[in-house]
Amino acid sequence: MSQTSYLQASTRALAEEMRRDRDVWCVGEDLGRGGVFGQYKGLVEEFGPQRVSDAPISEACIMGAAVGAAMMGTRPVVEMRFSDFALCAIDELVNQAAKARYMFGGQTRVPLVAREPIGIWRNSAAQHSQSLESWYTHIPGLVVICPSTPADNYLLLKAAIRCDDPVVYMEHKNLWGLLGDLPAQEPDDAAITAALGTARRAREGADLTIVSWSAAVHECMAAAAPLAQRGVHAEILDLRCLWPWDKAAVFASVRKTGRLLVVHEAVSVGGFGAEIAASVAEHCHAALKAPVKRLGAPRAPIAYAPNLEDRVRVTAAMIEAAGAAMVGS
Amino acid sequence: MTIASPNLDRDAALAQLALMHRIRAFELTAMQALEQGLVLGAIHPSIGQEAVAAGVVTQLRRDDVLLSTHRGHGHTLAKGADATAMMRELIGREGGCCGGKGGSMHIADFEVGMLGANGVVGANIVIAAGAAHAIKLKGDARIVCCIFGDGAINRGPFLEGLNWAKVFALPIVFVCEDNGFAATTRTGSMSAGDGPAARAVSLGLASRTVDGNDVLALTETAREVFARVRAEREPEFLHVKTYRLSGHTAADPATYRSAEEVQAHRAGDPITRLRETLRVAGVAAAALDGLALDAEREMREVLDAARATPFPPSERAFTDVQDVGDPRLEAY
């Protein structure tokens, strides 16, 4: 089986969904040239410039037009380049896309996918590096997805496009080149739909539950071997979806291990780790053998200089240290 | 004195007068319902601006698309929405256009192509661009009409949406319903340049400025503009000048303008003007009075019917949020 990159996995998913459903189209800056990271390469040749549409640098209009086009029965995939830039389209996403179905009493739906790449990536500083996923989990109406592997980027992007709700789809920029196996055959409809809201168990273990998502999952995986050498067998859950999030899987794992460590790249304060920690404290208190622990970024912007940028990263070494301390080894 | 118009289509003008009376009666009834504690949230009456609905929105076919503003009752009625369902929405009842979930500022009736009023000024401009974009992608013959106020021209989506419509050659009529006020501030005092039409022209849109209180002249211009957009699939801009006789909201005493100013504008009331034109053309005063009385009676009955309906069942608070992550399964 040949390996596919995280980036190519998304291109394949989008192409398959565009072949499957003529109402699917994508729109954003530079898409005709393949998109800022090349995620759309080859699509304009197959589907033409109407369905793979360039756009002016008008984030509010890209998102707002997608809302209108979705209400009219199409399924737009919106490219925002960087989640940081998507802040220029917050009204359109939060006040319009997320609310239209509800405030119009169910007369319409807004099946759009907003692709908003997140994360620290090659010294890109404060406006091209943020992980803002927790903001969107706060908004009723939105689905929030943060895939960490090529296989999941393929499966979940397909699921997001088929979803009738507006989806905030956050790929991590540092993962574009990550290689992995993809299924040779397209999964069946049920497998695609079932992926939404379910966590992936990336590693099995009995001593400690580590919940993570996006690129931080790979830091957790890197910490697992040294932790095991210290006698701590970590179970690693890749949440994949932040809303809805797989509470059942997290609670079951915590009840088994008695310990929860949540790891994310985003700022710890007000991060989604807080939601998970609070939920586990409410529902699994009796099973806990140690206080719940969160690892996230300090509440500081992300710098350009590599040594300054590194100061806000959550690393495998930090995860190892935190995990070992929780188990007391 | 008003001189009889030689080309007056009396039946069409009477229908427009009837519609304007219905809109005014709806607004006045809603304001009474607010005083009675039936309407609960803010409403933004369009008294004095009825000709925009009667002259512009009536150019749309049923399957054409309309997007409106927080001051959208008149536009919505003109698009063919049911007045009782609208009044139910204003008082938050079962059977409202939006099931009581939207209220006045989110009035919508997708059955008649009314894709929503909007609580955010100018937000409908980019949504309209997308609706027209979908029409183009699907190869439909429909067109889109997007109405916004003069305050909206200072928001970014105005620039982004008009540029988008022109770049992608989309069939939209942008209508700036200019009542002179951005909420309660005079728009001119906060707007640089030569106004809405000049901004549209700078983006390459054909643009017309018309007296929005002369419903017959407005209709004639709108008919040309809509026909051209329908045929040529290019956006155009219509700057319609009018005046809001009521407050910004029904509760606004409008102390930012003098009583003399408002009184002067009453002379230009579009209903009074059309009524006078029809009287000069030989329509009996009793027939004209009848239109007003019919509208008032209709809206009294509308309010009676609306208030007889219950509030929606409380479990409805959690419906129509989303399929994946539905709050009926997990709200916390």
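How far is Asp326(B) from His70(B), in sequence and in space? The two are 256 residues apart along the chain, and their C-alpha atoms are 29 Å apart. Please keep in mind that everything described here belongs to a predicted model.

**The two chains**

Let us step back to whole chains. The secondary structure of chain B comes to eleven helices and seven strands. Its radius of gyration of 20 Å is close to the 20 Å given by the globule rule for 332 residues, so chain B is as compact as a globular protein of that length. Chain A has 13 helices and 14 strands. For its 329 residues a compact globule would have a radius of gyration near 20 Å, and the 20 Å of chain A agrees with that.

| Chain | Span of the C-alpha trace along the principal axes | Buried residues |
|---|---|---|
| Chain A | about 60 × 45 × 40 Å | 57% of 329 residues |
| Chain B | about 65 × 50 × 40 Å | 55% of 332 residues |

Contacts can also be sorted by how far apart the partners are in sequence. Taking contacts between residues at least 6 apart, 80% of those in chain A join residues at least 24 apart. For chain B, the corresponding share is 75%.

**Strand E10 of chain A**

Now for a closer look at one strand. Five of the five residues of E10(A) are buried, so this strand is largely enclosed by the rest of the structure. In a regular strand, side chains alternate between the two faces of the sheet. On one side of E10(A) are Leu208(A), Ile210(A) and Ser212(A), on the other Thr209(A) and Val211(A), and both faces are covered.

Which strands pair with E10(A)? One of them is E11(A), which runs parallel to E10(A) and is joined to it by five bridges. Within this pairing, Leu208(A) has Ala234(A) of E11(A) as its bridge partner. Another is E13(A), which pairs with E10(A) in the parallel sense over four bridges. Here Thr209(A) has Leu260(A) of E13(A) as its bridge partner. E10(A) also belongs to a right-handed β-α-β unit, together with H9(A) and E11(A).

**Helix H13 of chain A**

The strand leads us on to a helix. H13(A) covers residues 316-327, and at 1.5 Å a residue its twelve residues should span 16 Å; the end C-alpha atoms are 17 Å apart, which agrees. Which residues of H13(A) are buried? They are Ile319(A), Glu320(A), Gly323(A), Met326(A) and Val327(A). Seen down the axis of H13(A), these buried residues fall within an arc of 135°, so they line one face of the helix. An α-helix has 3.6 residues a turn, so residues three or four places apart point the same way.

Definitions and conventions. Residues are numbered from 1 along each chain as its sequence is written. Chains are lettered from A and ligands numbered from 1 in the order in which they are written. This is a predicted model: local features need pLDDT of at least 70, side-chain atom pairs count only at pLDDT 80 or more; totals for chains, interfaces and linings use all residues. Helices (H or I, at least four residues) and strands (E, at least two) are DSSP runs, numbered from the N terminus. The expected span of a helix is 1.5 Å times one less than its number of residues. A residue is buried if 20 or more other C-beta atoms lie within 10 Å of its own, exposed if 12 or fewer, and partly exposed in between; C-beta atoms are placed from the backbone. The arc is that of the directions from the helix axis to the C-beta atoms. The radius of gyration is taken over C-alpha atoms; the globule rule is 2.2 Å times the number of residues to the power 0.38. Two residues are in contact if their C-beta atoms, placed from the backbone, lie within 7 Å. Two strands pair if DSSP finds at least two bridges between them. A crossover is right-handed if, with the strands pointing away from the viewer, the path from the first strand over the helix to the second runs clockwise.
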